Amino acid sequence: MVLELRPNCEFCDRDLPAASTLARICAYECTFCADCVETQLHNVCPNCGGGFAPRPIRPAREWRPGLSLAKRPASTNRVHLSYDLENIAAHAARIKDIPPEER
Ligand SMILES: [Zn+2]
Ligand SMILES: [Zn+2]
């Protein structure tokens, strides 16, 4: 099992290349940009309700055999929202004040 490095923000569709420091993920690898997490999602994943953390950056160089971005490339499948904006806003409103560790 390898973390799926998704290529875009599911909310605004901006590119999030593997080396991006703006990528945020939830525990299910739902992927968004830092701006959307803060201003649109309020640290509530629209899919699972969990919080977000910075996505780790997979090393480009093969420091150890078989482990690098070249050996385990990022996904090219763009992912898009599964819910409409009104639904996502309501979902965030009812969850955002509960800390992720208590959700
Ligand atoms: Zn975004
Ligand atoms: Zn999620």
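# Zinc sites, burial and pairs, term by term

Trainee: Why does C33 count as buried?

Mentor: C33 has a relative accessibility of 0%. Buried means under 20% relative accessible area, exposed means over 50%, and partly exposed is in between (1.4 Å probe, protein chains only). So C33 is buried. Before we go on: this is a predicted model, where local features need pLDDT of at least 70 and side-chain atom pairs count only at pLDDT 80 or more, while totals for chains, interfaces and linings use all residues. Residues are numbered from 1 along each chain as its sequence is written, chains are lettered from A and ligands numbered from 1 in the order in which they are written, and side-chain values use heavy atoms, with hydrogens and water left out.

Trainee: Got it. What makes residues the protein donors of the zinc ion (ligand 1), and which ones are they?

Mentor: A donor is an N, O or S atom within 2.8 Å of the metal (3.2 Å for Na, K and Ca); water is not among the atoms, so sites may look incomplete. The SG atoms of C9, C12, C33 and C36 lie 2.3 to 2.4 Å from the zinc ion (ligand 1), so they pass that cut-off. Along the chain, these donors follow the spacing C-x2-C-x20-C-x2-C.

Trainee: Why is the site of the zinc ion (ligand 1) called tetrahedral?

Mentor: Look at the angles among its four donor atoms: they run from 99 to 119 degrees.

Trainee: Which residues of helix α1 are buried?

Mentor: In α1 (residues 34-41), these are A34, C36, V37 and L41. Helices here are DSSP runs of H or I with at least four residues, strands are E runs of at least two, and both are numbered from the N terminus. The cover over the buried residues of α1 includes β1, β2 and α2 (85-95). Just after α1, H42 has a positive phi of about 55 degrees.

Trainee: How do you know that R14 and D35 meet in a salt bridge?

Mentor: Their side chains come to 2.9 Å, N to O. The rule asks for a side-chain nitrogen of Lys or Arg within 4 Å of a carboxyl oxygen of Asp or Glu, so this pair qualifies. R14 lies in the segment before β1 and D35 in helix α1, 21 residues apart. Both are partly exposed, R14 at 30% and D35 at 40%.

Trainee: How many salt bridges does the whole structure have?

Mentor: Four. Among them is the bridge between E4 and R6, at 3.5 Å, N to O. E4 is partly exposed at 29%, while R6 is buried at 14%. Another joins R78 and D15, with the closest N and O atoms 2.9 Å apart. That pair spans 63 residues, from D15 in the segment before β1 to R78 in the loop between β3 (53-54) and α2. Salt bridges with shared partners join D13, D15 and R78 into one network.

Trainee: D15 or R78: how exposed are they?

Mentor: D15 counts as exposed at 52%, and R78 as partly exposed at 38%.

Trainee: Why is the pair of F32 and F52 called edge-to-face?

Mentor: Rings of Phe, Tyr and Trp (its six-membered ring) pair if their centres lie within 6.5 Å; planes under 30 degrees apart are stacked, over 60 edge-to-face, and the rest tilted. The count comes to one aromatic pair. The centres of F32 and F52 are 5.4 Å apart and their planes stand at 80 degrees, so the pair is edge-to-face. F32 is in strand β2 and F52 in the loop between α1 and β3, 20 residues apart. F32 and F52 are both buried.

Trainee: Last one: what is A60 in contact with, neighbours within four places in sequence aside?

Mentor: S68 and L69, where contact means heavy atoms within 4.5 Å. A60 is in the loop between β3 and α2, and counts as exposed at 61%.

How values were computed
Tetrahedral: all angles 85-135°; square planar, octahedral: opposite > 155°, others 65-115°.
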